[in-house]
Amino acid sequence: MSKDAGRGKRNSRNRRVNESVPKADVPERAAIIEVLEGAGRPMDFKSLVGALRVKGNPARHAFQRRLKAMIRDGQLIQNRREEYCLPEKVHLVVGRVQGHADGFGFLIPDSGGDDVYLAARQMREVFHGDRLAVRIKGYDRRGRPEGTIAEVLQRCSTEIVGRYLRERGVGFVVPDNPRITHQVIVPDKNAGNARHGQLVLVDIVSPPSAVAQPVGRVSQVLGEPDAPGIETDLAIHAHGLPHRWSTEVDREVQTFGARVPPAAKKDRVDLRDVPLVTIDGEDAKDFDDAVFAEKIRGGWRVLVAIADVSHYVRLGTALDEEAQERGTSVYFPTRVVPMLPEELSNGLCSLKPKVDRLCMVCEMHVTPAGKVTRSKFYAAVMNSAARLTYDEVASMLIDENAQLRRHHAKLLPALQQLYDVYHALSGARRQRGAIDFDIPEAQLIFDESGRIANIQARSRNDAHRLIEECMIAANVQAAQFLARHRIPTLYRVHEGPGEERIAAAREFLQGLGLSLGGLDKLEPRHITALFEAIRGRPDEELIETVMLRAMAQADYRPENGGHFGLALEAYAHFTSPIRRYPDLLVHRGIRHVLEGGTGGDFSYSPGHMLELGSLCSAAERRADDATREAVQWLKIEFMQDKLGEEFDGIITGVTDFGVFVTLKGMQIDGLVHVTSLGNDYFDHDRTRHRMVGQRSGATYGLTDELRVRVARASLEDRKIDFVPVATAGQPESQPRAARKRRRRR
C-alpha cells in the first residue's frame, strides 16, 4: 500500500525455504516425519540413514543439516541418547515465547491451539522470541495450560538494544523492549565506550539461566536518547530488522548495470508508446506500479504494469535469500529499510519516468458495472510518461486545476478514463459490501534538524482510491490466474472476526445506541452498513477504529481462504514486488505459466509455500511493530516540550485505572489517571464503557470530548499522561457530553 547482521543473520538464514527445496538424495522433511511415525519409536542417525536410504558422504552431511534445521524449527526433538523423536510422541509442545512486561510469558504453539502459560520462574531462563519445547504440567487458576521448559530449541535474541546504566559500580543494560524483563549484566571489560544513560546494542555472551542473569558485551553505542533518528535505530535493532547488505548481494547487484540492456527487452510486448503513469505520494522513491486506461466497446481496457522484479531477483541467489530474509520493506518516518538494494528498489526496477523499464502487465477489460470480463498477463517493456502524485491527480480530476491540466494535457484523457474506471470498480465494491476503513493517518512534519515540527492528520483522496481499486482488481486477477493453472502460491487471506471480538464490538456499539447486523452470520456488508450509518458523527473515527481492532489480521497462506474485508473469494498480492516478498512469489508463478510451465514442475511445492507464508506473515508483523514503536517514540518526543499546554481530545478507552484520550487531529494518545479525574471515588462501568463518580455522579465515557493538559511525556516508559482542564463553572472538568447528560437529568 534488514534481520540481524552477522551471526544472527546467518542463523536465521538457515530457516529460508532454500534449505527445504529438495536436494539430490536428501529426504524431504515430510518423508523423515513419516518414517518416524511409522517406526513408533525414537531413531538414531544411523537408523534414519538406513531407513531413508541416504547414500554417500555429501548426502549424509546434507541430511544431518536438515535434521538440525528440523530440531531448530521444532519438528523434531533429540533426546539424551541422541535419538530423534516427534515432539507430540513425547508430549511436548513446540512454539515461540511471548514475554510480558510483568515477568510471566506464553508459549505460542506452532501447531495452533491454546497458548501455554509460563510462570515468571520459567521465563528467567529465556528471552522473548526464543523457541522452546515445553511440557504441560497442569492448568493455572484461570484454566490456562501451564508449562515447564523441556528444551530451548533456538536462542533468537543474540543481541539486545537498551539503555546502559551503572549503579554501585555495576554496569547493566535495561532492554528497550518491555517484553524482555531481564537486566543484561555488562562487565567493565565489555562496556567499551558506553556512558551511563546511553542507548546501546549489546551482544549476548551468556544467555539467562534459572540462577543467573544474562551477560552481554556492548557492540555499538547508538547514542543519547534525544539524538535525531535514534528511534529508527532502536526499532531496527529491537526487532532484529536486517539492514546491512552482504558482500555477495553487493557483488550480484553490480552485475546488473544502471540501464536495461537491449537483450532484456526482446520477446516482450512493447508498451513504450502507451502513456502509462505512476501515481504515488510526494516522498515515494520506489515506483512499483503504473496505470493506463482507454475507452473500448463495452467499457475500458485497463493496464496495470508492475515492476518485473522476478527478472532480476532469481531463486537461489544471494539477492533472493536476502529478500526472503527481510520479507518486506520497512517504512519509518525518516528512513526506509528496503527489501531490495537501492540500486534495484529506487533504480533499475523502479518505474521512473522517461526511461525504459521491464514490467509484468495485467491487462483487464472492465465494464461500466465494475466487472472484469477478460484479463491476461504478459511481460512487457514500458517507458513511464510521468511521475504524478496523489495530490496532483486529485487537483486535476476533482478540483479541475487549470494550470495542472494544461501542463499534463496529453495525459489528461487517460487519467479521466482511469477516474471513470475507479467509479465503476468502486460501485462494484459497494455492491459486494466490501469494508472501507478510511481512518486518517498521522503525518509527521520534520524541521531541518530532524525534529518533529508538527503532527497532522492526513486523509486519502480519490486519487489514492483510484490506484487502490486498480491494484485490487489486478491482485484478484493474479489470484484467479494462479488458481486456474494450479500453481502453488501465497494468497492474501483475511478471515472474518472471531465470536469473542464481535461480541465485544456489539456491546460497545450498544452503549452508543448502535447495532450491528448479521446476528446469524456476520458479513462485510453489515459492517459497511454500520459505517454508512455513523457517517458524519463526531465519534465516527473511533467507531471505525474499534471495528478495525475487532477484525482478524490478514496473513499469507498457500490455501485460498478469501478476503473478508474486501468481500472477495480469491486475493493475492501482485502489485508491489519491490517491497513485498509474497508479490515476488506471485510474479514467479505467473512467469512460470507464461513460459509454459505447470504446477508439477514449479520450483515451489505447497509445503514450501506454507513455510514461506509463515515467514512472510511474521516479517510483516515485525515491520508493523517496529514502525509503530518508532512513531510512538517520535510522538512522545514531540510532546516533551508541550508540558502544561492544553489540547482538545476524545476519550477512546476506559479502564479501571483511568481513561485514554486521543488528541484531536494529532492521533496522540495519553492516559488520564483515575486519581486525576476529580476529588471522588470512581467506579468502572464496563457495560457502558465509562467511569462514574460515587459522590458527584460525574461520568467519563467513550467518545466524550475532554480538554486536557499535558502532565508528563516519558520516553523511558513510552507513556504520555494528561490531566483534565477545569473549565469555568465546571471545576471538576467533566467531559462535554457528560455535562449535557447531567443537565438533561
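Author: Start with helices α3 and α4, which are roughly perpendicular to each other (an angle of 65 to 115 degrees; under 35 counts as roughly parallel, over 145 as roughly antiparallel, the rest as oblique). The model is predicted, so local features need pLDDT of at least 70 and side-chain atom pairs pLDDT 80 or more, while totals for chains, interfaces and linings use all residues. Residues are numbered from 1 along each chain as its sequence is written, and side-chain values use heavy atoms, without hydrogens and water.

Reader: What is the crossing angle of α3 and α4, and how far apart are the axes?
Author: The axes cross at roughly 110 degrees and come within 11 Å. Axes are lines fitted to C-alpha atoms, for helices over the stretch in contact, and angles run from 0 to 180 degrees between N-to-C directions. Helix α3 covers residues 29–39. Helices are DSSP runs of H or I with at least four residues, strands are runs of E with at least two, and both are numbered from the N terminus.

Reader: Which residues make the contact of α3 and α4?
Author: From α3, A31, I32, V35 and L36; from α4, L48, A51 and L52. Contact means heavy atoms within 4.5 Å.

Reader: How many of those are nonpolar, polar or charged?
Author: The contact of α3 with α4 has seven nonpolar residues, no polar and no charged. Ala, Val, Leu, Ile, Met, Phe, Trp, Tyr, Cys and Pro count as nonpolar, Asp, Glu, Lys and Arg as charged, and the others, Gly among them, as polar.

Reader: New topic. What comes between α4 and α5?
Author: A loop, and R53 is in it. R53 has a positive phi of about 55 degrees, though it is not a glycine.

Reader: Is R53 buried or exposed?
Author: Exposed, because its relative accessibility is 69%. Buried means under 20% relative accessible area, exposed over 50%, and partly exposed in between, with a 1.4 Å probe and protein chains only.

Reader: Where is H464, and is it buried or exposed?
Author: H464 lies in α15. H464 is buried, because its relative accessible area is 19%. Leaving aside neighbours within four places in sequence, it contacts Y390 and S459.

Reader: What about the span of α14?
Author: Its 21 residues should span 30 Å at 1.5 Å a residue, and its end C-alpha atoms are 30 Å apart, so the two agree. The expected span is 1.5 Å times one less than the number of residues. Just after α14, G433 takes a positive phi of about 85 degrees.

Reader: Last one. Where is T181, and what does T181 touch?
Author: T181 is in the loop between β9 and β10. Not counting residues up to four places away in sequence, T181 touches H100, A101 and G103. T181 and H100 are 81 residues apart in sequence, and their C-alpha atoms are 7.9 Å apart in space. T181 counts as partly exposed because its relative accessibility is 40%.
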